[in-house]
Amino acid sequence: AIGLGAKLVDSCSEVPSKRATNGLSAGFSFVLFLLCSDWLVVGLAGGDLSRLPEVLRFVCVRDFPEPIDKSARFICKLIASYMLQDIVVRIVHWHIEVRYVIHHLACLAGIWLALNDYCTTFACVALAISEFSTPIVCLFEVAFAEKGPLEFLIEPCGIALNILIPIRLAWFVYCFYAFVDVYNTNPDITVGDGLGLSCSGVLVLINATWYWDLLSGTLQALRSKTDGAQNAKAKAA
């Protein structure tokens, strides 16, 4: 209902606007990043970032202490709620982008496995830390859609994304290979664990394609800017 309401607000605007939908996405993503960081870095690593490689080996652990387990399940349900409403909004407004659908379904499948104890909730929470980049993506989309007074934000957001998105992808890849390393050395791996790992692999691939799009768009923008400057010089001559 919240997502549909945000979409309705944007559609009622006199000029093309994505402020409400992107505001919802940015706010949710930032809160999710804070919750997941607190759970992983503070709750499990004790605030010591150097312990992250050790903590990531907890991916096979299912019997976390009750407060930690309860928090992880709450975060998983929060993610699932947002993913489901986003899919509904995209279907209702027939704004279906294949990669987003695959991304959301992989998330939902992994969360379903975790909440039904077929695999651990750990991977879901650890990977969701990557949402630190989403608020900047949302700001970029709003500025790009509206232009006008917000156009000045496009370039700084683009620069920020060229820093944050590689970090996001690196986090996904790092977590994925840490999980694979644990699974390869753990004799108690279940089919559910394997399916959960497959969902993580899909998310790595989807994020890699988004990074490729960012690189392509950046190169195109730089080329266009260079051509514009050359044309201006030619006219001046």
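Reader: Which residues are linked with Asp69 in a network of salt bridges?

Author: Asp69, Arg73 and Asp117 are linked in such a network. This is a predicted model.

Reader: How confident is the prediction, and where is confidence lowest and highest in the protein chain?

Author: Start with the average. The chain has a mean pLDDT of 85, and 89% of the residues score at least 70. Then go by element. Helix H1 (residues 2-11) is lowest, with a mean of 68. Helix H5 (residues 98-115) is highest, at 92.

Reader: How many salt bridges does a search of the whole structure find?

Author: Seven. Let us take two more.

Reader: What is the partner of aspartate 213 in a salt bridge?

Author: Arginine 99, with the closest N and O atoms 2.6 Å apart. Aspartate 213 belongs to helix H9 (residues 191-236) and arginine 99 to helix H5, so this pair ties together parts 114 residues apart in sequence.

Reader: Is aspartate 213 buried or partly exposed? And arginine 99?

Author: The general idea: buried means under 20% relative accessible area, and exposed means over 50%. Aspartate 213 has 37%, so it is partly exposed. Arginine 99 has 22% relative accessibility, so it too counts as partly exposed.

Reader: And the pair of glutamate 131 and arginine 168: what is the N to O distance?

Author: Their side chains meet in a salt bridge at 3.7 Å. The pair links distant parts of the chain, 37 residues apart. Glutamate 131 is in the loop between helix H6 (122-128) and helix H7 (134-146), while arginine 168 is in helix H8. Glutamate 131 and arginine 168 are both buried.

Reader: Tryptophan 171 lies in helix H8. Why does it count as buried?

Author: Apply the cut-off of under 20%. Tryptophan 171 has 14% relative accessibility, so it counts as buried.

Reader: Which residues is tryptophan 171 in contact with, leaving aside neighbours within four places in sequence?

Author: Leu40, Leu52, Ala126, Leu127, Ile129 and Ser130.

Terms used
Residues numbered from 1 in each chain as written. Predicted model: local features only at pLDDT ≥ 70, side-chain atom pairs only at ≥ 80, totals over all residues. Heavy atoms only, no water. pLDDT = per-residue confidence, 0-100. Helix = DSSP H or I, 4+ residues; strand = E, 2+ residues; numbered from the N terminus. Buried < 20%, exposed > 50% of the residue type's maximum accessible area, 1.4 Å probe, protein only. Contact = heavy atoms within 4.5 Å. Salt bridge = Lys/Arg side-chain N within 4 Å of Asp/Glu carboxyl O.
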